[in-house]
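Dear colleague,

Please find the structure below.

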Amino acid sequence: MATTASPRTRQADLNRQAPFYNVVLLDDAEHTYDYVVEMLEKLFALSTADAWNRAVEVDNTGRTIVITCELPAAEFGRDQIHAFGADWRMPISKGSMSAIVEPSRQP
């Protein structure tokens with residue numbers, strides 16, 4: 001015999017959200033602003049202005065939140081950053097930038 005959830009239980013399930021996570025880009029000295037802007041435009045569809053603002057923030061503070069989303073998408077975003085490759089504009093650039101996934105403080 002199958003049981004059905006009450007309307008109250010179904011509504012509670014609908015209201016429950018999966019936790020959100022931040023993809024955080026970390027600063028280094030091996031990538032140019034142009035690289036950061038290009039990467040953020042291509043990987044996260046940010047406008048040039050938004051990507052530039054994130055490049056300035058990561059340079060000034062050491063980190064910037066690129067996107068906030070559910071865990072599978074956040075892990076994918078981090079992995080995309082790690083796979084983007086070196087900055088051809090800088091001979092010292094040997095690979096991609098670093099990024100981490102951290103729990104968001106958003107409710």
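Which exposed residues does the face of helix 3 turned away from its buried side carry? They are Asn-60 and Thr-61. Here, exposed means over 50% relative accessible area, buried under 20%, and partly exposed in between (1.4 Å probe, protein chains only).

This is a predicted model, in which local features need pLDDT of at least 70, side-chain atom pairs count only at pLDDT 80 or more, and totals for chains, interfaces and linings use all residues. Residues are numbered from 1 along each chain as its sequence is written, and side-chain values use heavy atoms, with hydrogens and water left out.

Helices (H or I, at least four residues) and strands (E, at least two) are DSSP runs, numbered from the N terminus. Helix 3 covers residues 48-61, and its 14 residues should span 20 Å at 1.5 Å a residue, which agrees with the 20 Å between its end C-alpha atoms; the expected span is 1.5 Å times one less than the number of residues.

Ala-51, Ala-55 and Val-58 are the buried residues of helix 3. Seen down the helix axis, they fall within an arc of 70°, so they line one face; the arc is taken from the directions from the axis to the C-beta atoms. These buried residues pack against strand 1 (20-26), helix 2 (33-44) and strand 2 (63-70). Just after helix 3, Gly-62 takes a positive phi of about 90°.

Leu-46 lies in the loop between helix 2 and helix 3 and counts as buried because its relative accessibility is 16%. Leaving aside neighbours within four places in sequence, Leu-46 is in contact (heavy atoms within 4.5 Å) with Leu-40, Glu-41, Ala-51 and Arg-54.

Kind regards
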